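Have the sequence and the model open beside you as you read.

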Amino acid sequence: MNTITSIAVFCGSSEGAKSIYRETARELGLAMYKRQTTLIYGGGNRGLMGIVAESLHSQGGRVIGVIPEALHRSDICRHSVEEQLIVVQTMHERKATMYKLADAFVALPGGIGTFEEILEVYTWLQLGYHAKPVALLNTAGFYDCLLTFLQHSVQEGFLKPDHLKALIVESDIEKLFERLSLFESRLSDKL
């Protein structure tokens with residue numbers, strides 16, 4: 001069983017079109033507080049990122065933001081909810097710092113930045129650079145199209161079936177936390 005003390009959460013800097021996205025982000029923050037789990041996130045308090053951070057912070061939970069210097073502006077960091085805000089030079093440093101601090105990775109709905117971040121840590125898992133759980137919180141079926149595409153990649157011989165199975169996909173937060181704690185990285189060699 002994994003001890004998950006910190007989770008890097010990737011999600012939109014917008015709130016999205018459906019209220020369920022905002023509700024789920026709020027619920028995730030509360031669930032993290034209940035489990036005394038530190039949030040590692042991209043800093044700032046906009047969109048779903050801000051909702052998760054503020055939800056956890058409002059309960060007294062621990063929030064660590066990692067933000068590149070170029071985004072460390074008053075319109076992005078409206079008010080502080082972070083116990084610690086780490087300012088780095090580049091997006092590459094931001095991701096490397098977040099990946100180092102986190103015991104697990106979870107993506108909520110988001111745009112291309114969210115996709116890039118979760119797919120990068122998923123790739124790193126596939127290559128054996130880490131053995132930490134990588135998960136999609138599939139709120140309202142948001143990631144269904146991506147999952148169909150990944151299955152297509154398996155069928156076409158570009159992604160191994162056990163590598164696809166290593167990606168945790170849940171729509172229920174309680175089940176998500178259970179699967180994060182039970183995760184075992186036993187993947188066949190990528191090459």
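**Entry 1: helix α3**

I began with what covers the buried residues of α3, and the list includes β1, β2, β3, β4, β5 and α4 (112–127). Before going on, I noted that this is a predicted model, where local features need pLDDT of at least 70, side-chain atom pairs count only at pLDDT 80 or more, and totals for chains, interfaces and linings use all residues. I also noted that residues are numbered from 1 along each chain as its sequence is written, and that side-chain values use heavy atoms, with hydrogens and water left out.

I wrote down my terms as I met them. Helices (H or I, at least four residues) and strands (E, at least two) are DSSP runs, numbered from the N terminus. Buried means under 20% relative accessible area, exposed over 50%, and partly exposed in between (1.4 Å probe, protein chains only). Contact means heavy atoms within 4.5 Å.

Which residues of α3 are buried? I found Arg 94, Lys 95, Met 98 and Tyr 99. Seen down the axis of α3, these buried residues fall within an arc of 125°, so they line one face of the helix. The arc is taken from the directions that lead from the helix axis to the C-beta atoms. On the face turned away from the buried side of α3, I found the exposed residues His 92 and Lys 100.

I then looked at the N-terminal end of α3, which Thr 90 caps: a side-chain oxygen lies 3.4 Å from the backbone nitrogen of His 92.

**Entry 2: Lys 95**

Is Lys 95 buried or exposed? Lys 95 counts as buried, because its relative accessibility is 5%. Its side chain is joined to that of Glu 116 by a polar contact of 2.4 Å. A polar contact is a pair of N or O atoms within 3.5 Å; within protein, one must be able to donate a hydrogen and the other to accept it, and residues adjacent in sequence count only if both atoms are side-chain atoms. Leaving aside neighbours within four places in sequence, I saw Lys 95 in contact with Glu 116, Glu 117 and Glu 120.

**Entry 3: the sheet**

In what order do the strands of the open sheet come? I read 7 strands in the order β4-β3-β2-β1-β5-β6-β7, with parallel pairing. β4 (84–88) and β7 stand at the edges with a single partner strand each, so one side of each has no neighbour in the sheet. On average, neighbouring strands are turned by 25° against each other, direction ignored. Two strands pair if DSSP finds at least two bridges between them.

I followed β1 to its partners. With β5, β1 pairs in the parallel sense over 4 bridges, and 3 bridges join β1 to β2, also running parallel. In β2, Thr 38 is the bridge partner of Ser 6. From β2, Thr 38 and Ile 40 point one way and Leu 39 and Tyr 41 the other, and all are buried.

**Entry 4: Phe 10**

Phe 10 lies in strand β1 and stands opposite Ala 107 in β5. Phe 10 is buried, with a relative accessible area of 1%. Leaving aside neighbours within four places in sequence, its contacts include Met 98, Tyr 99, Ala 107 and Ile 118. I also checked Gly 110: it is 100 residues from Phe 10 along the chain, and their C-alpha atoms are separated by 7.7 Å.

**Entry 5: helix α7**

In α7 (residues 173–182), I found Ile 173, Leu 176, Phe 177, Leu 180 and Ser 181 buried. They cover an arc of only 130° around the axis, which puts them on the same side of α7. Among the elements covering them are β1 (6–10), α1 (19–34) and β5 (104–107). Asp 172 caps the N-terminal end of α7, with a side-chain oxygen 3.1 Å from the backbone nitrogen of Glu 174.

Not counting residues up to four places away in sequence, Ser 181 touches Met 1, Asn 2 and Ile 4.

Methods: Axes are lines fitted to C-alpha atoms, for helices over the stretch in contact, and angles run from 0 to 180 degrees between N-to-C directions.
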